[in-house]
Amino acid sequence: MAMTRFERLLGLLLRAAVRVFLAVFELFTLHRGSAEEPRLPPISSPLLRVPAIQLARQIRRKEVTSVEVVQAYIDRIQEVNPLINALVKDRFSAALQEAAQVDKLIEEETGGEDVLEDRLPLLGVPVTVKEAFALQGMPNSTGLLSRKTVISGVDAPSVALLKRAGAIPLGVTNCSELCMWLESHNHLYGMTRNPYNLGRIAGGSSGGEGSIIGSGASVIGVGSDIGGSIRIPCFFNGIFGHKPTSGIVNNAGQHPPPSGQQPGFLCTGPMCRYAEDLMPMLRIMAGPAAEKLSLSAEVDLRNLRFFSVPHDGGSPLLSPVDPQLILAQKMVVERLEADLGVKVKIVRIPQLKYSFQIWGAMMSSPGKDGKSPTTFAELMGGGQRVWPVWELFKCMLGLSSHTVAAIGLALVEMFQSSQPSQFILQQKESLQRELEELLGTDGLLLYPSHPQLAPKHHQPIFTPFNFSYTGIFNILGLPVTQCPLGLSVEGLPLGLQLVAGKLQDRLPLATALYLEKAFGGWRDPGDRANTAENTLNTPKSSSNAT
């Protein structure tokens with residue numbers, strides 16, 4: 001299913017128009033920025049460089065106290081948050097009190113370390129939570145000015161499970177307005193910035209989590225994903241994240257609640273700086289449903305079948321994939337073949353060209369009860385529909401309480417049909433069948449996370465469909481792990497998605513552990529020694545194949 005001449009022409013025209021708009025945009029915004037953005041200070045405390053699971057072990061063994069760990073992270077947040085604006089409400093005093101209680105519990109525990117590890121695997125470890133989730137005593141506005149006084153009285157189930165495992169929340173982090181845009185910016189909390197370059201976006205909608213973790217000011221966090229809202233921020237901020245198989249982690253306790261067919265697409269999952277924390281977090285957050293994933297089963301990467309798709313096939317609506325991302329994915333292919341003795345098959349999946357159309361059609365489709373999903377305009381108005389054209393007029397006068405991105409989404413929604421075309425439904429079903437047959441129970445697909453490196457602030461307005469590289473897997477219900485691959489020439493994170501068949505979450509999680517060792521994983525954004533030469537030319541050696 002090659003591109004037609006019309007599609008190629010349309011793609012060229014759209015990309016030319018985007019270049020013109022971007023040029024004009026940069027011309028008018030050039031005076032706002034300085035010649036060189038300030039950089040984050042490097043991490044100084046060694047406690048901030050330890051994975052969460054190892055921190056918990058050190059705390060249980062009394063090698064370090066929970067108070068010392070929590071205080072180290074509080075200090076780092078206070079150091080970097082004025083620059084990145086990621087944490088929007090803290091609970092530092094309560095966290096220190098809870099850490100002191102943890103240290104007292106450990107002193108009084110007579111059952112030994114194994115008992116504590118079994119009952120409280122994250123005992124004393126700090127965690128941050130996306131503001132869209134209910135965290136008792138914390139705001140739950142999702143960036144809406146009309147919800148600025150909403151305070152959560154309970155914890156979302158996924159948050160409660162982490163707290164029950166001993167984790168200590170430090171606060172809540174920024175997101176895009178109503179969690180439906182790939183830049184975390186709203187009129188309540190402002191704009192979150194990328195720790196690697198403050199002039200770049202942190203992604204969305206879990207951009208606050210991505211930024212706070214990527215900056216070294218949190219080690220683990222909670223995100224949600226209905227179109228890439230875990231994976232895009234993880235990619236832009238150089239960390240790990242996992243979108244589980246649909247239905248595995250309880251999505252309750254979030255705002256806005258999904259409707260129509262959306263509950264089957266929304267996923268709650270972990271975001272981490274270190275790959276080894278992904279599986280323990282997923283096991284905790286999934287609760288009893290974790291048994292469906294066989295997470296304890298050993299994975300030998302040499303027995304897996306690997307596939308690589310370098311791009312979506314050339315959708316005229318999307319940007320072409322950055323050459324550095326194509327090179328990074330090629331290096332992963334070469335490394336897998338050299339280290340594991342496997343053959344990575346390069347495949348083309350033509351239906352991926354319709355990823356945006358499939359995502360948009362399914363997101364707006366009625367649920368099993370026949371009811372259409374709540375419109376974005378209704379969500380913006382808190383139940384009473386706002387008029388997007390009127391909001392756009394108010395925005396031009398600086399009077400709207402909503403962001404340009406939110407207003408734009410509401411405008412687009414006005415022209416969207418609630419009944420998908422038969423052609424798009426056929427493409428979706430065909431893609432579902434092909435990927436399920438391709439991956440089976442032992443296949444792993446490499447796919448770009450996004451066609452661009454982290455864009456400059458506001459630029460996604462001109463490339464609104466690029467999230468389709470992630471969004472398509474929400475519709476398909478497949479598990480996906482986002483994996484960092486070092487830094488680009490510009491010093492921005494590189495990365496890719498690892499996709500497996502349904503309920504095969506352990507496969508991409510195991511592969512992420514391997515790639516972390518091979519390519520270095522997360523890099524301290526304050527360390528000036530982190531250069532593209534280290535990433536693109538000299539990946540680290542790794543012999544761990546299991």
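In the predicted model, the buried residues of helix α11 are Ser-355, Phe-356, Ile-358, Trp-359, Gly-360, Ala-361, Met-362 and Met-363. The helix spans residues 355–363, and eight of its nine residues are buried, leaving α11 mostly covered. Helices α15 (422–439) and α16 (468–476) are among the elements that cover these buried residues.

The strands considered next belong to an open sheet of 11 strands with mixed pairing. Their order is β1-β3-β2-β8-β10-β9-β14-β15-β13-β11-β12. The edge strands, β1 (87–90) and β12 (345–346), each pair on one side only.

Strand β2 (residues 126–130) is largely enclosed by the rest of the structure, because five of its five residues are buried. Its pairing with β3 (residues 168–173) is parallel and extends over five bridges; within this pairing, Lys-130 is the bridge partner of Thr-173 in β3. Strand β2 also runs parallel to β8 (residues 220–225), to which two bridges join it. Here Thr-128 stands opposite Gly-221 of β8. Together with helix α6 (residues 157–164), strands β2 and β3 make a right-handed β-α-β unit.

Strand β15 (residues 493–500) is likewise mostly covered, with eight of its eight residues buried. Burial applies to both faces of the strand: Pro-493, Gly-495, Gln-497 and Val-499 lie on one side, and Leu-494, Leu-496, Leu-498 and Ala-500 on the other. Strand β13 (residues 443–447) pairs with β15 in the antiparallel sense over four bridges, and Leu-446 stands opposite Leu-498 of β15. Strand β14 (residues 480–487) is also antiparallel to β15, with six bridges between them; Cys-483 stands opposite Leu-496 in this pairing. Strands β14 and β15 form a hairpin with five residues between them, and Gly-491 in the turn has a positive phi of about 85°.

A search of the whole structure for cavities of 30 Å³ or more returns two. The largest cavity holds about 40 Å³ of space. Its lining consists of Ser-176, Glu-177, Met-180, Trp-181, Glu-183, His-185, Phe-376, Thr-403, Ala-405, Ala-406 and Leu-409. By residue class, the lining of the largest cavity divides into six nonpolar, three polar and two charged residues. Helix α14 (residues 404–414) provides the largest share of this lining, three residues.

The loop between β9 (240–243) and β10 (267–272) contains Gly-260. This glycine counts as partly exposed because its relative accessibility is 27%. Gly-260 and Ser-365 are 105 residues apart in sequence, yet their C-alpha atoms are 6.3 Å apart in space. When residues up to four places away in sequence are not counted, Gly-260 touches Ser-365, Pro-366, Gly-367, Lys-371 and Pro-373. Pro-256 is also placed in the loop between β9 and β10, and a cis peptide bond with omega of about 0° joins His-255 to Pro-256.

Most residues other than glycine have a negative phi, and most peptide bonds are trans. A further cis peptide bond joins Gly-204 and Ser-205, with omega of about 5°. Ser-205 is found in the loop between β7 (197–201) and α7 (207–214).

Thr-142, in the loop between β2 and α6, has a positive phi of about 55°. The relative accessible area of Thr-142 is 0%, so this residue is buried. Ser-294 has a positive phi of about 50° and lies in the loop between α9 (278–286) and β11 (305–308). With a relative accessible area of 37%, Ser-294 is partly exposed.

Conventions. Residues are numbered from 1 along each chain as its sequence is written. This is a predicted model: local features need pLDDT of at least 70, side-chain atom pairs count only at pLDDT 80 or more; totals for chains, interfaces and linings use all residues. Side-chain values use heavy atoms; hydrogens and water are left out. Buried means under 20% relative accessible area, exposed over 50%, partly exposed in between (1.4 Å probe, protein chains only). Contact means heavy atoms within 4.5 Å. Two strands pair if DSSP finds at least two bridges between them. A crossover is right-handed if, with the strands pointing away from the viewer, the path from the first strand over the helix to the second runs clockwise. On a 1 Å grid over the protein atoms alone, a cavity is a set of points where a 1.4 Å probe fits but cannot get out, and a pocket is an open set with protein on both sides within 12 Å along at least five of seven lines; lining residues have an atom within 4 Å of a point. Grid points are joined across faces, edges and corners, and a volume is the space filled by probe spheres set on the points. Ala, Val, Leu, Ile, Met, Phe, Trp, Tyr, Cys and Pro count as nonpolar, Asp, Glu, Lys and Arg as charged, and the others, Gly among them, as polar.
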